[in-house]
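Reader: I am new to this structure and would like to learn how to read it. Could you take me through it, feature by feature?

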Amino acid sequence: MMYDVIIVGGSYAGLSAGLQLARARRQVLVIDAGQRRNRFAATSHGFLGQDGQAPEAIAAEGRSQLMEYPTVTWVQGRVIEATEQAPGFGVRTEYNGTFHGKRLILATGVVDELPAIEGLEQRWGKHVFHCPYCHGYELDKGRIGVLATSPLAMHHALMLPDWGTTTLFSNGVFTPDAEQQAQLDRRGVGVENGPVRRIVGERADLELVDGRVFSLDGIFTMSRTRISPLAGQLGCELADGPSGPYLHTNDLRQTSVAGVFACGDASLAAGSVALAVAEGVRAGVGAHFSLIQG
């Protein structure tokens, strides 16, 4: 069967893109591996109408609503190869064979590559975060640490005083210059130098190599993000973001490869559920316009 659109990724962006196409009565296939980026977080925030809901509940309700449309097919699995096969595209899954579509939407999200610090990974999404808008309010104006992985830690450090008392831990990778230090001083941000040994305690107590321990209510840090290899297989152009490469798209969310669209964290320099849903709308509409135009 030749689908009108194959969507790789059935999280928030992919679901949103699929909904636009389903309502246009197009034949849509969604292939999803079930690995949402925010699966470690207990609640999701900042998405109007869903604030404070469990991420898995938002995704499950979205899928339920999408599958009410008779032109939508869902396959649970992982896509391992994507190729251009005129007049469309072929995607090969790990266990379910190959599927063909006239258009392709990459809603694959990203993989977070976390700082290699003991105790951080198991606290990711619970007491260690990357998005203040998603998790800052729940820290209740408590003690917040910014764990530097690069000079981009300044961005977090200058934002976070709106959510609590903030300390920048330079971690031996970043030392503010005089101008940056003045900015930090104006925002009331403390600075602690020296490498971090580990994160311990029930929440996020940060221990430096010199033995000092700082009791914190939450830590913010920047991961490196990695996108799906499917983009490279298709020859899609990438752009450089602050945490890693992402897919370059036009206003209708078409990539540099005609007929291939992208949405969600894979095509944004920043990510949230609300942004992913919005970008999914644009990609779904863009793919539909492309089908109309032939």
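Reader: How much of the protein chain counts as buried?

Author: Of its 294 residues, 50% count as buried, where buried means under 20% relative accessible area, exposed over 50%, and partly exposed in between, with a 1.4 Å probe and protein chains only. Please keep in mind that this is a predicted model, in which local features need pLDDT of at least 70 and side-chain atom pairs count only at pLDDT 80 or more, while totals for chains, interfaces and linings use all residues. Residues are numbered from 1 along each chain as its sequence is written, and side-chain values use heavy atoms, with hydrogens and water left out.

Reader: How many helices and strands are there in the protein chain?

Author: The protein chain has seven helices and 19 strands; these are DSSP runs numbered from the N terminus, helices being H or I with at least four residues and strands E with at least two. The radius of gyration is 21 Å, close to the 19 Å of the globule rule for 294 residues, so the protein chain is as compact as a globular protein of that length. That radius is taken over C-alpha atoms, and the rule is 2.2 Å times the number of residues to the power 0.38.

Reader: How should I read the pairing of strands, and what is the order in the open sheet of five strands?

Author: Strands of a sheet pair through backbone hydrogen bonds, either parallel or antiparallel. Here two strands pair if DSSP finds at least two bridges between them. The order in the sheet of five is S8-S15-S9-S10-S11, with parallel pairing. Strand S8 (128-129) and strand S11 (190-192) stand at the edges with a single partner strand each, so one side of each is left without a neighbour in the sheet. Within this sheet, five bridges join strand S9 (residues 143-147) to strand S10 (residues 165-169), and Arg143 has Thr165 in S10 as its bridge partner.

Reader: Which strands form the open sheet with antiparallel pairing?

Author: Three strands form that sheet, in the order S12-S13-S14. Four bridges join S12 to strand S13 (residues 205-208), and Ile199 stands opposite Leu206 in S13.

Reader: Which strands form a hairpin with four residues between them?

Author: The hairpin is formed by S5 and S6, and Gly97 in its turn has a positive phi of about 85 degrees. Four bridges join strand S5 (residues 88-93) to S6 in an antiparallel run, with His100 of S6 as the bridge partner of Gly90. Strand S1 (residues 2-8) runs parallel to strand S6 (residues 98-106), joined by six bridges, and Met2 stands opposite His100 in S6.
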